[in-house]
2 protein chains.
Amino acid sequence: MALEHAILVSLAERSASGYELARRFDASIGHFWSATHQQIYKVLGRMEDAGLVAVELIEQSGRPDKKLYAITEPGRTELRRWTAEPTPPERLRSTFAVKLRALPFGDRDAIVTDVRRQRDEHRATLRYYEESAARFYPDASNIGPDDLGGWLVLRGGIRTEEGAIAWCDEILQTLGER
Amino acid sequence: MALEHAILVSLAERSASGYELARRFDASIGHFWSATHQQIYKVLGRMEDAGLVAVELIEQSGRPDKKLYAITEPGRTELRRWTAEPTPPERLRSTFAVKLRALPFGDRDAIVTDVRRQRDEHRATLRYYEESAARFYPDASNIGPDDLGGWLVLRGGIRTEEGAIAWCDEILQTLGER
DNA sequence: GATCTCATGTAATCAGTTACATGATTTC
DNA sequence: GAAATCATGTAACTGATTACATGAGATC
């Protein structure tokens with residue numbers, strides 16, 4: 001289960017409450033591993049029982065107490081152990097590809113419109129990634145060792161979006177539309 | 001739920017038993033939408049109740065009777081309706097990206113080994129796609145209308161694998177390994 | 001004799017989504 | 001006055017995986 005490990009990575013980068021984690025999963029980390037707050041709370045509870053994370057209760061007035069989660073030594077050990085495991089083959093699920101394959105049985109005009117919309121979204125995501133890269137890693141030729149992971153993931157995101165846009169262009173060209 | 005629609009597409013292409021569908025989901029269709037036989041049998045039952053598919057029972061000796069499923073008129077209508085819906089944004093889940101991000105907290109050598117293994121797998125998949133393209137679509141400049149969907153999906157698969165390989169190369173280069 | 005293919009499923013469990021719930025504080 | 005932010009969760013449900021079960025015929 002990679003959600004646990006995604007949480008461990010995020011907490012290793014910086015301790016956080018469940019709420020803050022949920023917001024991270026709406027943004028940076030969420031671009032390659034999404035999760036809702038309900039799920040995060042559930043898993044955090046399980047991880048606390050397992051001793052992978054520790055909680056510090058921070059009392060607040062006017063709102064529920066905040067639970068600040070931090071990775072523990074066993075958590076770091078588990079994270080390290082997990083990174084040494086070979087990554088199992090990812091089985092991707094692409095609704096878009098299913099729909100494309102349905103082309104001979106579907107509504108061609110609607111699909112073309114959808115491909116254009118899809119391309120627009122990929123363009124927006126690409127722009128966002130490029131801005132993130134410029135903001136967080138201004139000197140791309142000299143990335144510090146602690147930033148290497150984040151940088152390489154961002155590079156992967158940029159490549160993925162560029163590839164998706166090029167694919168959409170090819171589809172539109174093949175279907176004779178611009 | 002796209003599994004239902006993936007099954008509808010597959011049955012629109014050619015009627016099949018649950019077993020045959022399961023094998024298709026191990027191969028061609030499964031490259032972009034995976035499913036096990038247990039899941040397929042379950043969903044097929046539900047789809048039959050909903051009238052999207054019809055069953056013809058074929059008696060056999062020495063093995064269980066075969067149930068040959070075919071798409072029905074309501075099934076075709078539903079498939080057509082679904083293709084006209086805008087595709088919801090796909091939230092990807094990449095264990096590999098999580099692991100990369102864990103680089104500063106993990107076992108660097110093991111991760112490098114894993115990236116190389118990952119690259120090998122993508123190379124093998126790419127080779128497989130290219131062979132499929134050569135076998136099923138020998139004249140790439142002239143694809144028939146019924147083959148357009150399958151061809152474009154295959155093109156997407158090839159692009160995805162090429163992109164993944166290039167990303168792996170970049171990672172290895174950045175980490176100073178070949 | 002062992003393993004693979006054909007052919008169907010059930011049961012238990014785990015992961016993930018959607019809906020519901022509360023309530024103060026800050027911003028528009 | 002409405003909506004967003006902070007902060008926690010529970011409950012019901014759906015989707016997907018893993019394990020178990022059966023049994024004949026074909027191939028190694």
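A polar contact here is a pair of N or O atoms within 3.5 Å. With that in hand, let's walk through this structure, which is a predicted model. In chain A, the side chain of Gln60(A) places an N or O atom 2.8 Å from a phosphate oxygen of DNA strand D. The side chain of Tyr41(A) also has an N or O atom facing a phosphate oxygen of DNA strand D, at 2.9 Å. Chain B takes part as well: for Arg46(B), the distance from a side-chain N or O atom to a phosphate oxygen of DNA strand D is 3.4 Å.

Which elements give two or more residues to the surface near DNA strand D? They are helix H2 (18-24), H3 and strand E2 (66-71) of chain A, together with H3 of chain B. The largest share, 4 residues, comes from H3(B).

Looking from the DNA side, sugar or phosphate makes up 66% of the atoms of DNA strand D within 4 Å of the protein, and bases make up the rest.

## DNA strand C

Now for the other strand. Of the 21 residues around DNA strand C, the nearest are Tyr19(B), Tyr41(B), Gln60(B), Arg63(B) and Lys67(B). Of the atoms of DNA strand C that come within 4 Å of the protein, 65% belong to sugar and phosphate. The surface near DNA strand C has 9 charged, 8 polar and 4 nonpolar residues, and its largest share, 4 residues, is supplied by H3(A).

Where does Gln38(A) make its contact with DNA strand C? A polar side-chain atom of Gln38(A) lies 2.9 Å from a base nitrogen. Phosphate oxygens of DNA strand C are reached too: one is 3.3 Å from an N or O atom in the side chain of Arg46(A), and one lies 3.2 Å from a polar side-chain atom of Arg91(B).

## How the two chains are related

Chain B superposes on chain A by a rotation of 180° with 0.0 Å of shift along the axis, at an RMSD of 0.1 Å. The two copies are therefore related as by a two-fold rotation axis. Within chain B, the residue closest to this axis is Gly163(B), whose C-alpha is 3.4 Å away.

The charged end of Lys99(A) sits over the ring of Trp82(B), 5.3 Å from its centre. Likewise, the charged end of Lys99(B) sits over the ring of Trp82(A), 5.3 Å from the ring centre.

## Aromatic pairs

Over all chains, the count of aromatic pairs comes to 6. In one of them, the ring centres of Phe96(A) and Trp167(A) are 5.4 Å apart and the planes stand at 85°, so this pair is edge-to-face. The pair links distant parts of the chain, with Phe96(A) in helix H5 (residues 95-101) and Trp167(A) in helix H7 (residues 148-174) of chain A, 71 residues apart. Phe96(A) and Trp167(A) are both buried.

Tyr128(A) and Tyr129(A) form a tilted pair, because their planes meet at 55°, with the ring centres 6.0 Å apart. Are these two residues buried or partly exposed? Tyr128(A) is partly exposed, at a relative accessible area of 37%, whereas Tyr129(A) counts as buried at 8% relative accessibility.

Notes:
Residues are numbered from 1 along each chain as its sequence is written. Chains are lettered from A and ligands numbered from 1 in the order in which they are written. This is a predicted model: local features need pLDDT of at least 70, side-chain atom pairs count only at pLDDT 80 or more; totals for chains, interfaces and linings use all residues. Side-chain values use heavy atoms; hydrogens and water are left out. Rings of Phe, Tyr and Trp (its six-membered ring) pair if their centres lie within 6.5 Å; planes under 30 degrees apart count as stacked, over 60 as edge-to-face and the rest as tilted. Buried means under 20% relative accessible area, exposed over 50%, partly exposed in between (1.4 Å probe, protein chains only). A charge sits over a ring if NZ of Lys or CZ of Arg is within 6 Å of the ring centre and within 35 degrees of the ring normal. A residue is near a molecule or strand if one of its heavy atoms lies within 4 Å of it. A polar contact is a pair of N or O atoms within 3.5 Å; within protein, one must be able to donate a hydrogen and the other to accept it, and residues adjacent in sequence count only if both atoms are side-chain atoms. Ala, Val, Leu, Ile, Met, Phe, Trp, Tyr, Cys and Pro count as nonpolar, Asp, Glu, Lys and Arg as charged, and the others, Gly among them, as polar. Copies are superposed by least squares on the C-alpha atoms of residues with pLDDT of at least 70 in both.
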